[in-house]
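Keep the viewer open as you read.

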Amino acid sequence: MRADTRALPRLRLIALISGLLAVVLAVLMPVLPIEQDRPTLHWPQGETANLEAPLVSYTPLELTVALPCEVVRDGVLTGTLFSTVPAASGQAVDKGLVVRVEDEPETGRTVQVLVRNIPLLSAPLAELADCGALTVTSSAAETRTEITGATRQDGTPFAGQVGGDARPQVVGIFTDVPRDRLGAATAAVDIDARFTSSPSLLKRLAMIGAVVFTIIALIALHLMDTTDGRRHRRFLPAHWWKFSFADVTVLGTLVLWHVIGANTSDDGYILNMARASRESGYMANYYRWFGVAEAPFGWPYELLAWMTRISDASPWMRLPSLLAGIVCWLVISREVLPRLGARVRRDRVALWTAGLVFLAAWLPYDNGLRPEPLIAAGALLTWCSMERAIATGRLLPAAVAVLIAAFSLAAGPTGLICIAALIAGSRPVLQHIIKRARPDAPAGGRSGRGAAVLRYAALLSPGIAAGTLVLVVVFADQTLATVMEATRVRTLVGPNVAWFDERTRWDSLLMLSPDGSLSRRFGVLIMLLCLGVCVLVMLRKNERIPGTSRGPSARILGIVFMSLFLMMFTPTKWTHHFGVYAGLAGSLAALTAVAVGVNGIRSPRNRSLFTAAVFFLLAITFTGSNGWWYVSSYGVPWWDKAPSIAGKGFSTLFLGLAVVFLLVALIQHYRQPYAKTPRGVRRFDRFATMPLTVAAAALVVFEVASLAKAAVTQYPAYSIAESNVRALGGDSCALANEVLVETDTADSLLQPFDGSPADGLNAENTGFTPDGVAADLTADEEETVTGSANSVGTEDNKTSNTTGAGTGGGSRQQAGINGSNVALPFGLDPARTPVLGSYTQDEQRVADLTTGWYRLDLTDSMRADPAYRVLVVTAAGRIRYIDADGVETYGQDLWVEYGTRADDGTVTDVGRIRPIDIGPAPSWRNLRVPLRDIPASANAVRLVAHDADITQKQWLAVTPPRLPRLATLDAVVGRTAPVLEDWHVGLAFPCQRPFDHHDGVAEVPQWRILPDRVGSDASNAWQDDIGGGPLGWTELLLKAQAVPTYLDDDWGRDWGSLEKFTPYVSDAEPAELDVTVETRSGLADDAPIRAR
């Protein structure tokens, strides 16, 4: 289009009006009305008086109860008349509302009303002969109770109240009163379902209008751009489709890593958020913060939610990350490098350095479901769009950059780095806008202030519309009020780390943990090194790296600087946020490769210093472990320690090389004044400029080789690679097919050849007694680190809550088969399971135990049956064990002896095995001996225990050996039962169904799947009642019992644990809700969530 065309004024008007309309509609999005569910639970219902209804927000908006005095007087002799938490949980008084009848010594039968352990009312039933009803009303303003129709002897009313927000937690309604005696008793619970909403018709039309007008404004802006008379450039030029060996290497590594590579920490968390959103109707934070909506961040999770409708398999769900990685490399190699200058474009070393550093930064961070891969791609696309706008003088690319940056920011708080890209290119773009808006420009039209405002507005409004369009996505089904409440809760509950504590992120990067693994360190540290080198070279070379374009180079350095600054303002400080730098790190590495080349740094001394810096960086890198998250670490070498060979750490080698090159640099520094005239560039000189390239290549090879080695050495046991390959073949259940669960624990005891089970265990005994077990079997603390993903800060770096359900000790009133009062774990039946232990509260003595021989009746068919794989001994205390790496855990000796028993009772071919003990001590746990380690001829086994340490903590206890029948977790738990999958494990168990929640009420789970001990400590803290997670109501409603499990062909692995839930109130039924749908303004608010 010609610049002097008469259509230009009309285009300006179209751009202005459509842009302004789009902005107005988008800005109105948060306050436009929505259709919101307003559920109420009415009690009683159906044939049972007890209802289950765990509120995701814990407390209701309002609760009203009315109990006729007939029910109060005659409902129960003593017991619970009404409670929002089962009394059997032991926490009903502390957290719920309780109306109960107690037999008091002075007043006789007395009705009491308590809320959160605050006594509201106590009234003797003898004084309530003519009363009407007992009522309770609880809201955010006050909680009040009253008995109508009766007064105290002094004439005062029976009433009580507490001001402020004392609303009780509600997990249901429970009573000891039979259903047929409830009479006219009623209760109504107004449930907080503010986030369960959908856009109204008006809002839908506004959404469509905002999108349409934005598109029109951008088209008009494009047509105005064409008035420059230049030919349109292809969106993807021809060179995009020419692939080099570097392309094949980088893209091939990304695809290979997609199959064999490690996942990221939050994959299970995000997957279950996406899966649960299908039923809940909104994207909730499933594991914390009282189920508030993720808005204003997290639109990529909506994409994942749609993907779960096709499959939950890991390779499928992680496909967006793979595509983002491919986009990043194509943009780097085809847009970024050419833009940085001719030498960068032609330099093969720069290309390879960019690719290898990109891979080194991408692989450890961006192979999961987190938004960092999309933000990394968004940062590059924003920069490239701004650069195209600067290079062409056209504004449509700048508007697209604003659009990409806005959506990147809405993907997650780390999207702030895209704002850096906008700021870096804003000055040249602003100059283009001023130039285009000048009245003396061709076809400028009339001059004057009004006309100038029109010209500027016509050029700016499409870009502003593009930036505000993201509000359509952010507030599609949420309002300003709900998003503000969600933000308030997240800020109040935390973690919410101040900007000046940014150091905690860097502290975590240097911890000996997966968050600070060597693979995570390298990409970030190398980016900082590249940043420093490029800045120094530019300062030394007149603000230009030789052979590069000054403007783009300076801008990409500015983006990295501003990104590091803006990252300070993210509310959480996890190391996985560093994944957003992957694309920038690769781009910066290419610039560095040119900067340190023979044309950039001519001094051999300076090149030696750079080489020393690279080796020092590697030394710091290799002080970290080769750790990866959860199951990704299975089979990986040095997963829990810094890499070393023969006790010599890799870091020491690299530090030594750094010192050597520093000495070389020192010698070159002193020789430099006497050096001869420099010769031309030698081959060694070219090699000497490539330490960064070589180091990045070594790290990438190390990472890929580590996971490849894990796949090989783990087989046929579980590994990430094996799981993904099977998923590609149609078996997507991952770890659920590898975890074996006991199906007959109580019936799996081996029987002695002679005598009763009690006699068989007590055959040769000195110092072991039926009650020789400590009362407290809480698991020992284990070392951990601060700053791990989704961890709650503590004063010390130790686990605090890793004792399995039912394994922490205790006693029972009724004695077991051998007179023991010890509480047994795992569903073992005390009437059939004897127990002996060496613990005593008096002075400890040396104790020995040799049990009788037990029948190991293994037929050939049983040995071939995959259901029989392992011999198990349930034991407690501290037991000596040496793991596969030769690391000894100190404790007392326990052996499993096997042999061949003849008909006359003689036992030959006796051997012994120390059973595998994965801990934790001193809790009850299942020691195991794989049947493959016992000769096929053996038909008898026995236990031999020796406690030679007389200190109080050193003891052990045993039960008879067992041969359990095993089935996969997928077969036992199934695919339809609701499960509480801790946030670590979701991606490892995609076939199990996470419990749903809808209209503010959660589905009651039947099972819980936990990660390993360190992981379970983190999940227990993250998901607890303080953080507003599901454990805050499951512990009130359900009793958990650990179920014995094992990882197939990896018997010494602590994969995690399985717990079965049993309701405290067995006859409670799921509550049915009465739901009305109201049209509410985006400013309409409800009572605040009781987050404290």
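Two strands count as paired if DSSP finds at least two bridges between them. Keep in mind that this is a predicted model.

Strand S2 covers residues 51–52, and S2 and S38 run parallel to each other, paired over two bridges. They belong to an open sheet of three strands in the order S11-S2-S38, and the pairing is mixed. What is left at the edges, where S11 and S38 stand? Strand S11 (172–173) and strand S38 (1069–1070) each have a single partner strand, so one side of each has no neighbour in the sheet.

Next, hop over to S34, residues 1007–1010. In a regular strand, side chains alternate between the two faces of the sheet. Here, Trp1007 and Ile1009 point one way, Arg1008 and Leu1010 point the other way, and all are buried. S34 pairs with strand S30 (residues 978–981) in the parallel sense, over three bridges. S34 also pairs with strand S37 (residues 1057–1063), this time antiparallel and over four bridges. Trp1007 shows up in both pairings: it is the bridge partner of Val979, and its bridge partner in S37 is Lys1060.

**Rings meeting rings**

Now for the aromatics. The count comes to 32 aromatic pairs. Here are two of them:

| Pair | Centre to centre | Angle between planes | Type |
|---|---|---|---|
| Phe615 and Phe654 | 6.3 Å | 20° | stacked |
| Trp638 and Phe650 | 5.4 Å | 65° | edge-to-face |

Phe615 sits in helix H22 (residues 604–621) and Phe654 in helix H23 (residues 650–671), so their pair ties together parts that are 39 residues apart in sequence. Trp638, by contrast, is partly exposed at 23%. Trp638 lies in the loop between H22 and strand S14 (644–645) while Phe650 is in H23, so that pair links parts twelve residues apart in sequence.

There's also an aromatic cluster, with Tyr269, Trp629 and Trp1033 among its members.

**Charges over rings**

Finally, find Trp1022 in helix H30 (residues 1013–1022). Trp1022 is buried, with a relative accessible area of 1%. Which residue lies over its face? Arg288 does, at 4.3 Å from the ring centre. Trp1022 and Arg288 are 734 residues apart in sequence, yet 6.9 Å apart in space, C-alpha to C-alpha. Elsewhere, the charged end of Arg505 sits over the ring of Phe578, 6.0 Å from its centre.

Technical notes: Residues numbered from 1 in each chain as written. Predicted model: local features only at pLDDT ≥ 70, side-chain atom pairs only at ≥ 80, totals over all residues. Heavy atoms only, no water. Buried < 20%, exposed > 50% of the residue type's maximum accessible area, 1.4 Å probe, protein only. Phe/Tyr/Trp six-rings, centres within 6.5 Å; stacked < 30°, edge-to-face > 60°. Lys NZ or Arg CZ within 6 Å of the ring centre and 35° of its normal.
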